[in-house]
Amino acid sequence: MTENKNHEIHEDDSQVETHEDHDHDSLNLKGTFLMVMALGGTIVVGWVLAFLLFMSRM
Amino acid sequence: MHKYEKIWLSFGTVSLAVFLLILLVSALHGGHSPAASGIETIHPEHVLDDERFANPGLYESDDPDYDYDLYFVASAFRYDPAEVEIPVGSRVKVSVATTDVIHGFQITGTNVNFMVEPSLVSNYTYTFNHPGEYLVLCNEYCGIGHTDMTSIVKVVE
Ligand SMILES: [Cu+2]
C-alpha cells in the first residue's frame with residue numbers, strides 16, 4: 001500500500017521537490033545570520049579572554 | 001547559495017583552519033610531553049620511599065634552568081608540606097606525586113594547575129614574581145575530605 005502511494009507522488013509533477021524549492025536566495029536569513037555570528041563571536045571572545053588570563057598569570 | 005550562508009560558512013572554515021594550526025603549533029612547540037616520552041613514573045605505594053618525597057619541600061636546584069625544586073606529596077586529604085615559603089622572583093620546578101587516588105594541584109592565581117595521577121610525577125615550572133600568600137587546592141574530586149585538601153605557598157621578599 002505504501003509503495004503504491006510513493007509511486008503516485010512521483011507521477012504527479014506538482015509534488016516532486018525540485019532544486020528551486022530549496023533555493024535559499026529568496027529566504028530571509030537575517031535572524032539566522034545574527035544568531036550564528038553572535039554564537040561564533042561569543043566563542044571567540046571566550047577563547048581570547050581565557051588566553052589573556054593565561055598570559056597575565058605567566 | 002545565500003550570501004549570509006557564504007559568510008558564516010567562511011567564518012566557520014577559517015576558525016577550523018586557525019584552530020588546527022594552533023593545535024599543530026602547540027603540539028610541536030608548546031613543551032608538551034607525548035605520553036611515551038619525558039614522563040617520570042613512580043609506584044604510588046612507594047612514593048614515601050623516594051628521598052625527594054620522604055621529605056617534601058623547597059630545595060635549591062643544580063639545574064641552571066630553574067632556582068628551586070619544590071616537592072609535594074598529595075594524599076587523601078592533605079598536602080605535604082602544609083605550608084612552604086618561596087623567595088620572590090625565583091623560578092621553581094614544582095613536582096607532585098600522589099600516594100593514592102587522582103588529585104589536583106592548583107596554586108590559585110597562577111598557571112600552576114595540573115592533575116596528579118597515581119604512578120606519575122607531575123610537574124610544572126613557574127616563576128613566582130608577586131609576593132603574597134597563595135592557596136593551594138585540590139581541584140579533582142578525591143573523596144569526602146576533598147574540600148579541606150589545601151596547602152599554602154608564601155612568596156616572600
Ligand atoms: Cu584531593
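**View 1. Met37(A) in its helix.** Met37(A) sits in helix α2 of chain A, which covers residues 30-56. Helices here are DSSP runs of H or I with at least four residues, strands are runs of E with at least two, and both are numbered from the N terminus. Please keep in mind that this is a predicted model, where local features need pLDDT of at least 70, side-chain atom pairs count only at pLDDT 80 or more, and totals for chains, interfaces and linings use all residues. Residues are numbered from 1 along each chain as its sequence is written, chains are lettered from A and ligands numbered from 1 in the order in which they are written, and side-chain values use heavy atoms, leaving out hydrogens and water. With a relative accessible area of 24%, Met37(A) is partly exposed; buried means under 20%, exposed over 50%, and partly exposed in between, using a 1.4 Å probe and protein chains only. Leaving aside residues up to four places away in sequence, Met37(A) touches Ile7(B), Trp8(B) and Phe11(B), where contact means heavy atoms within 4.5 Å.

**View 2. Chain A and its annotated stretch.** Chain A has two helices and zero strands. The unreviewed UniProt entry annotates residues 33-54 of chain A as "transmembrane region"; such annotations may be inferred rather than shown by experiment. Over residues 33-54 the chain is 100% helix and 0% strand, with the end C-alpha atoms 32 Å apart. Of the 58 residues of chain A, 5% count as buried.

View 3. Over all chains, the structure holds ten aromatic pairs. Rings of Phe, Tyr and Trp (its six-membered ring) pair if their centres lie within 6.5 Å; planes under 30 degrees apart count as stacked, over 60 as edge-to-face and the rest as tilted. The rings of Tyr59(B) and Tyr71(B) are a tilted pair because their planes are at 45 degrees, with centres 6.3 Å apart. Tyr59(B) lies in strand β2 (residues 58-60) of chain B and Tyr71(B) in strand β3 (residues 68-75) of chain B, so the pair ties together parts twelve residues apart in sequence. Tyr59(B) is partly exposed at 39% relative accessibility, whereas Tyr71(B) is buried at 10%.

View 4. Tyr126(B) and Phe128(B) form an edge-to-face pair, 5.0 Å centre to centre with 80 degrees between the planes. Both Tyr126(B) and Phe128(B) are buried. One aromatic cluster is formed by Phe72(B), Tyr79(B), Phe105(B) and Phe114(B).
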